[in-house]
Amino acid sequence: SFTVSLHKVDNITVTIKPKPGVFPRCQIRVKTISRSELKIKPGENVTFAFTCNTPEKYFIMEIQKNIDCVSGPCPFGEVHLHPAALPRLNRTFVWDVKASTKAGLELKFSAPWLRQIEPGETCPDFASYNINSSIDTATVNIGTFCRDGLVSRIKLLGGVVMSLHLPWDSPLTTSGFSIANRASIKRLCIIESILKGESSITLMSPNYPLGFPEDELMTWQFVVPSNLRASVFFHNYSLSNCARKEERVEYYIPGSPSNPEVFKLSDSQPANIAGSFNLSLQGCDQDAQNPGILRLLFQVIVQHPQVDENVTHLVDLSKEWNVTVTIHFEGWPGHVPLMSEPICLICKDPRTCDRVLTLVSGAVYKISFLCKDLSRLRISAEKSISCVDVRWCQRKVYSLSVPKAITQLPIRLHKFVWKLLAPDLINVEITSPSLKLRQHVPEQRCNTSYSYGIVSATPATELNVGVFCPGGPIEKIQMRNNITITLKTFGKGFLNESNHQDLKMSFVPHIKDECTFTVRPDPKTKAYLQTPNWPYGLPPYVSISWYLIVPNKQVARLGFSKDRMGIACETGRAYLNIKEEALGAEETVCREDELLPKPRNMYHDFWVNISNCKPVEKTQLTLQFWVTLADKQIDLGVILAVVAGAGVVAAIGLTVCCVKKKKKKSQNPMVGVYNANVNTQPPRKQGLFSKGRKKNESHVYAVIDDAMVYGHLLKESNGSVAPEVDVYRPFEGPIGSLPPSPPPFSFRKETKRASSAEEPPPLTDTDHDTYTFAHQKSGQSEDSGDTDEKSDGDTNEKSDGDTSVSLLENKEQGGLGE
């Protein structure tokens, strides 16, 4: 059993009542009567017991003491926890102190002082204070506080209702505060905080997060040692709708030439304040119809002055256009450092400092840092380049390099973003003249101190072109849409390598594909290239082209990393096109349901084009290919053939000379001689030497082995050479001007299969046209003899020499003897 004896002069009331939300399975027994609630008034002496062994599960207790400081003397000094010998229940001590508004009350807290928390937050030891100001009939919640903080005193206008909530097992035996004094303060309240050493404190306006009382004024006093520096940061605030006056904050800083210093809540607040200072919040007369809410949550951080706080860094952005530079802490904006962590401040003047500072182009800044470790700071910058006048911007080349004003700062550059805005029918071209670019692929990762991420965007689609770094085979990238290029750095090496940046940008006329790469492979390195949007696949109906340059005296080897495209099309077809830049070169076209080409040799500059369809769900078009270069091998058979051909030409020339000499010795007139062995039938097919010497080179190639001449074609066509057929020809026109295009939907691979199935005619002694490399152009008549040749010295005027040549040709046809 428990006995509670209350003296009437103490003015204390004890109430034991059921715990909210718990079914009452326990009763309070007074003598022989059981009840669920017990109230003991001043002057009563009551003995009671509980009907259960764990009453703390079912009951709570409230002990209220009324103190009158208006009509009688105010009991200054420590406030005690009375009465003693109370049952161990969750309990709340309430002190209701009445005071005049002309003489406010001062509450002083004993160590370890108090720390303000947000509503709903709990204290580590579950012991919390709630302080309310009572002015006439109005009550204002000053805040909720935990033990172990930096709030040392609170002065209030009028009375105060102070509550202390303790759990049933709390060892606390003292209230932790005293009524120190009465003083007229002429404002809602004054909250004093003592900040010793490097520390931080978070405070809230009264009634937070509800509205600060209308047209009220309150003050926070901060006691800071003179050898420390304080900075103020507003983290969360809102403004009411003012009918009269203006909401503001005012600072009183000793030694300031303009006390009080007035700021809006939206301004950057003072920083690097030496010594103690006051901060006041002033409300306004609110709109009766729509008052709004004035509230404020802020933080004060105190730290030692930095050794280099007087060292300024010049950031000259006066000659830059459309550039924004942000200096911030690492992880910004997603990561917010803990309030207990040492803070890094960036100052654009000795009193304007913040954890994030933004600089804009067209101005010159002198900044300093209040930070022990500058490695925790980062720089992010952004520059916009747009084309307004097409006639002017198409002649200009823009340098995409980081300004030296940024690289000279002792802060690591996190990223620099260029936003390139192109008008309709104007595209963007990216080049790297000296360094060139290398695509970041799994087989060949970038290991440089920086890289470029390139994204092409339309209102409907965003195409991630890829990640690129310097030192590769890519000379040029052309893109159709607005472009975002993001330079990201890795490690500290960028400060040294930034001097060698050579990325350039220009606006160019409209291109056909979404993106076109110009690649010049390095003979010493295998070049890997892959489709954009890796590994998520090309967007539907997007076409990408690569133009690969093959140097003279070298041959390129082209291969793909997998056998098939690996997609199924819901609408349309996906195509791979390969085309060499050579007259009459064969174009390779593969659909998504066919095998990709095996590795092959390319002897001229060539195009690789990939065009996507609309894939079925869960399939994406991702392709990777590689290119290597090697020196061309000189074929001994070709050399022998050329030498043999030269010998034949020399022999023919010698014979003609000999015939001409014999003719000169004879003084007989020229007569016609009938030769019975000459074929007098009209020509049905061309003879071996039926063409003029300009067009016909059969005397050179007649001795060349077929396999030597057609070897590369035989390998690529599995032993058969497809004849020319009149089918889809996308490469007519100027060489090198356009990439290959996918066939129209009316054209299907079956047509090509049917044409390639036809076997070429056998190479016989009588069908000599098959030895000719040049394809006959449409509309060109076939020449059947030498009678019309009139160029390059092969004229056919009637002369003595021509008779000899005719006799020689007749001999070679098999009819004329010596």
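User: What volume does the second largest cavity have?
Analyst: This is a predicted model. A search of the whole structure finds four cavities of 30 Å³ or more. The second largest cavity has a volume of about 60 Å³.

User: Which strand supplies the largest share of the lining of the second largest cavity?
Analyst: Residues lining the second largest cavity include Gln116, Ile117, Asn141, Ile142, Gly143 and Thr144. Strand S11 (114-117) and strand S13 (138-147) each supply at least two residues of this lining. The largest share, four residues, comes from S13.

User: How many charged residues does the lining of the second largest cavity have?
Analyst: Pro119, Met204, Ser205, Pro206, Asn207 and Tyr208 are also among the lining residues. By class, the lining has six nonpolar and six polar residues.

User: Which strands stand at the edges of the open sheet of four strands?
Analyst: The order in this sheet is S45-S54-S47-S51, with antiparallel pairing. Two strands each have a single partner strand, so one side of each is left without a neighbour in the sheet. Neighbouring strands are turned by 30 degrees against each other on average, direction ignored. The edge strands are S45 (527-530) and S51 (600-602).

Methods: Residues numbered from 1 in each chain as written. Predicted model: local features only at pLDDT ≥ 70, side-chain atom pairs only at ≥ 80, totals over all residues. Heavy atoms only, no water. 1 Å grid on protein atoms, 1.4 Å probe; cavity = no way out; pocket = protein on both sides within 12 Å on 5 of 7 lines; lining within 4 Å. Points joined across faces, edges and corners; volume = space filled by probe spheres on them. Nonpolar A, V, L, I, M, F, W, Y, C, P; charged D, E, K, R; others polar. Pairing = 2+ DSSP bridges. Axes fitted to C-alpha atoms, helices over the stretch in contact; angles between N-to-C directions.
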